[in-house]
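Me: I have a structure open and would like to learn how to read it, one feature at a time. Could you take me through it slowly?

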Amino acid sequence: MSILNIKNLNTYYGKSHILQGVNFNLDKPGCLALLGRNGAGKTTTLRSIVNLTRPDSGEINFNDLNLKDLSTYEIAEKGLTMVPENRGMFSSLSVLESLNIINNNYNNSEWNIERVLESFPQLKTKLKNSSTSLSGGEQQMLAISKALLTNPKLILLDEPTQGLAPNIVLELIEILRKILSEHISLLIVEQNVNMALEIATEVSILGKGETKWNGTKKDFKKNIAYHKEWIGI
Amino acid sequence: MLLIQFLNALQFSMTLFLLAVGLTIIFGLMKIVNLAHGSLYMIGAYVGLSIWTYFDSFWLALIFSPLITALVGAFLYYILFRHIQNADPMKQVLLTFGLIYIGLDSVRLIWGTMSHSISAPELLSKSIILINNPYPSYRLFVIFIGILVLICLYFILEKTVIGAKVRASVDDPEAAKLLKINTDKILFYTFSFGCGLAGLAGITVAPILGVEPGMDMEVLVLTLIVVVVGGPGSLKGALVGALLIGFVDSFGKVYIPQLAQIIIYAVMALTLLFRPDGLYKR
């Protein structure tokens, strides 16, 4: 059973044809890094998967379930969520409220507020604070906490290290490793290729809205020079 | 005298608040400026008029006309508004502007072109003496309703999980959807609720201002000014904007009647000059 399988995804923004054939596959639980230059269509790919931007054609299968015609919140209910690039902070909600609004009162849920706060102790002291008053790193931790509370099987992360200090990036890598060890899969979009390669098992390269290359991290590393054209390193 | 002016201004502000709060929530959630919001206010007043006429009870009208207006809102949401979300603003304006005419003609068709009056209920028909001045107790009741709605809204929005979900959906609808929140359902209920509040405003002012075709346009302009001054999408802004416009308008008419026509526009212009996003930017 594959976690996420994307076939020939095409998406338009108005009249511009942004995604012109995206294909990749995450076979078993793990982390796929989606790499590419600015404007290659990485964010649009993530948005299309969770139907924040409606794809025009193509197939998206999540745990062998076709996501066609499911709305974003239904997709989230199936266990696929995203941490958006802007981190999706709710400016009028406190940290605690931001966690409380996520339906999570099932007894069998693996993640609940207590457990999330154990994993992110820095949020514990700021529960009453407005979520937009947090530092960049703390906001990213809160965003990941919220995603975990939906009890996902796959989290899409859009530029999670953007604007974070190097030591916070290291902390984030540790957190993402921990999440992966819980059998939650990740699809990560990153400008910071080295960071993405720290945790990824699979790599997919996107250029001008098309998939240019798919493979394992090992194969990718063997031939980095060849990929330079498309990822701009 | 000052006390009487103050209470009149407060009553007017509370009516504006009931209207503006619905409009601003709808704008915050859907990014739609519903120009037909005044029509729902008028419908609330007319439905109240019918209930009052047939059942001879103001209280029944007070309870059922907001409910019926909310149902009208729900119907409009279902057949129209959900389709124009994220549409070109020009389309939204044309559609909701068209609804104003449909509303006006429907009202003329059903209730005629005459103006009507509703009398305040027996219990509230007398004036009470406040520091040697008689003051109609019904107006105090309208103030009371406004404050009651304000407290209930505050409680629901700030202290309950449902309220937090509504605020989250206003702040960032996409992020809310990603957290399993069905924002469409929240939209539907909030839209209907906002329309119900417009209906409540309509029935509560009916004994003061009467019921007539065209009452919608008068309040629409004022409500839009309140929302713009307060900051579109902001609840606090709706309250502060309603108080500001309500007081400036009421006191302006008494103390500088020569400027009565333009003073609230001047307030709006000044606000936008210094705070282009309104007093409370979201």
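Me: Are α1(B) and α8(B) roughly parallel or roughly antiparallel to each other?

Reply: A word first on what we are reading: this is a predicted model, in which local features need pLDDT of at least 70 and side-chain atom pairs count only at pLDDT 80 or more, while totals for chains, interfaces and linings use all residues. Residues are numbered from 1 along each chain as its sequence is written, and chains are lettered from A and ligands numbered from 1 in the order in which they are written. Helices (H or I, at least four residues) and strands (E, at least two) are DSSP runs, numbered from the N terminus. Axes are lines fitted to C-alpha atoms, for helices over the stretch in contact, with angles from 0 to 180 degrees between N-to-C directions; under 35 degrees counts as roughly parallel, over 145 as roughly antiparallel, 65 to 115 as roughly perpendicular and the rest as oblique. Here the axes of α1(B) and α8(B) come within 8 Å and cross at roughly 165 degrees, and the two helices are therefore roughly antiparallel.

Me: Which residues of α1(B) and α8(B) meet?

Reply: Two residues are in contact if their C-beta atoms, placed from the backbone, lie within 7 Å. Among those on α1(B) are B:L18, B:G22 and B:I26, and the residues they face on α8(B) include B:F191, B:G194 and B:A198.

Me: Which residues of α10(B) are buried?

Reply: A residue is buried if 20 or more other C-beta atoms lie within 10 Å of its own, exposed if 12 or fewer, and partly exposed in between, with C-beta atoms placed from the backbone. In α10(B) the buried residues include B:L235, B:V240, B:I245 and B:G252, and what covers the buried residues of this helix includes α1, α5, α9 and α11 of chain B. Over chain B as a whole, buried residues make up 48% of the 282 residues.

Me: How many helices and strands does chain B have, and how many does chain A have?

Reply: Chain B comes to 11 helices and 2 strands, whereas chain A comes to 10 helices and 10 strands.

Me: How many residues of chain B are in contact with chain A?

Reply: On the side of chain B there are 16 residues, in contact with 21 residues of chain A. The elements that give two or more residues to that side of chain B are α6(B) and α7(B), and α6(B) gives the most, with 6 residues.
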